[in-house]
Amino acid sequence: MENHDYPIPGRVYSARAGSIDSIPDSGLKPVSIHRLIRNTEKPHAYKLYQYEETFRKKPNQINAEKVKEYTKLLTLATIEEISQHDIIFCTTAMATNKRLIEGTKNRIFQCIIDEAGMCTEPECIATIIATKAEQVVLIGDHKQLQPVILCQSTAKLGLDKSLFQRYSDRSVQLKDQYRMRHVFCHVEGEEVTLPVSTEEGNEMSRSNKKEIEQIMKIFTHLVKKEKIFGDHKKKKVCIVNIMSQYNAQCSAIREALGALILRDIDLTNTSVITVVGSQGGQWDYVIFSLVRSLPQYRIEPHPTLGWCTQNLGFITNEHQINVALTRAKKGLFIIGNRHLLECDRVWRQLINMYASQGSVVEADDFPRPIPKPNK
């Protein structure tokens, strides 16, 4: 965020295209250090402003000495600002930053690492050492998303095991899920695969048009019939998330939702995010699209592990399933091909449990129209 708002001349920043899941929260702007030090009442704000105006308007006057002076002033202003605060939020990467270490020197009593199950062991250890905290609290769920390790060799050597997971046998665990009601909606659609990487998703990312139609049907019902957002007389605070494990599906869902604006449906409190991007979030209602589908005659009666890997992909990843099933507070709608999913042990057990509770429905029968009251 800081590099985007106030780039330092001569510095080379990553040119990677950011995904919608990684866009900084605009609500954090007022409390971000790089903005606080530039508030007009701050001692170094005017000097920083002068440097930045020179960089912007007179690029020909930029030299290494000026940039060095600017970064030195920036460091001083940041350290002074940090030293005035008792509670600091930052990433594990920023916890080892020289400015943060100087600004909090010998002042940190407690270090809380949230989503610790997603942090690599070195990330956590470096944070603990850098902060020199007297008390360390790890919060997370090693059964949800694991650390993202791009090098498979290091993953096999154990880098994909978080510090949280290593000490999970000593943890205090929450065992009950006090959240949502759930519905599994059976849809036999046709999955479409992207042949090349595009803005919609990477190569081999998938979408399912029939599932999107069912999503729109459920979402419209929630808004128009159940009035989850209220009506013209009284608005309700309610947030909805539609998720999938495939970027191509998410992109197609956003496009379909765009058409609903023309039907006077307000999408302000509605988001479409991948399962990975949903980690740590919660919504009143969640609609989860599984995408993968095969006609029944192509589904093996006794599928092998290799067959399941090829035809189900990472929708059988137990860590991602755990994330997806625990994001909703009031209602969870799962849309997928029951016959294909039952080839996987976890999904089979889950669907059987839902069926025993009367929560498995056919797409044509759901959502049911609300009966009109008798006159």
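This is a predicted model: local features need pLDDT of at least 70, side-chain atom pairs count only at pLDDT 80 or more; totals for chains, interfaces and linings use all residues.
The secondary structure comes to 14 helices and 10 strands, and the C-alpha atoms fill a box of roughly 75 × 55 × 45 Å when it is taken along the principal axes. Of the 375 residues of the protein, 41% count as buried, while the accessible surface comes to about 23,300 Å², with 53% of that area belonging to carbon and sulfur atoms.

**Charge across the protein**

- The protein carries 50 positive and 43 negative side chains, and the centres of these two sets lie 4 Å apart.
- On the surface, a patch of negative charge is formed where Glu 188, Glu 362, Asp 364 and Asp 365 gather.

- The structure holds 11 salt bridges, and one of them joins the side chains of Glu 121 and Arg 166, with N and O at 2.9 Å.
- This pair links parts of the chain that are 45 residues apart, since Glu 121 belongs to helix H6 (residues 121-131) and Arg 166 belongs to helix H8 (residues 163-166).
- The two partners fall into separate burial classes: Glu 121 is buried, with a relative accessible area of 17%, whereas Arg 166 is partly exposed, with a relative accessible area of 39%.
- Another salt bridge is formed by Arg 292 with Glu 191, where the closest N and O atoms are 3.0 Å apart.
- Arg 292 lies in the loop between strand S8 (283-289) and helix H11 (305-312), and Glu 191 lies in strand S4 (residues 191-193), so this pair ties together parts that are 101 residues apart in sequence.
- Both Arg 292 and Glu 191 are buried, which means that each has under 20% relative accessible area.

**Further salt bridges**

- The side chains of Arg 338 and Glu 342 also meet in a salt bridge, at 2.9 Å from N to O.
- In this pair, Arg 338 is partly exposed, with a relative accessible area of 25%, and Glu 342 is likewise partly exposed, with a relative accessible area of 22%.
- Glu 53, Arg 56 and Lys 57 are linked with one another in a network of salt bridges.

Definitions and conventions. Residues are numbered from 1 along each chain as its sequence is written. Side-chain values use heavy atoms; hydrogens and water are left out. Patches are made of residues with over 30% relative accessible area and no salt bridge: like charges are joined within 9 Å, nonpolar side chains (Val, Leu, Ile, Met, Phe, Trp, Tyr) within 5 Å. Accessible areas come from the Shrake-Rupley method with a 1.4 Å probe; for residues, only the protein chains shown count as cover. A salt bridge is a side-chain nitrogen of Lys or Arg within 4 Å of a carboxyl oxygen of Asp or Glu. Lys and Arg count as positive and Asp and Glu as negative; His and the chain ends are not counted. The place of a charge is taken as NZ of Lys, CZ of Arg, CG of Asp or CD of Glu. Helices (H or I, at least four residues) and strands (E, at least two) are DSSP runs, numbered from the N terminus. Buried means under 20% relative accessible area, exposed over 50%, partly exposed in between (1.4 Å probe, protein chains only).
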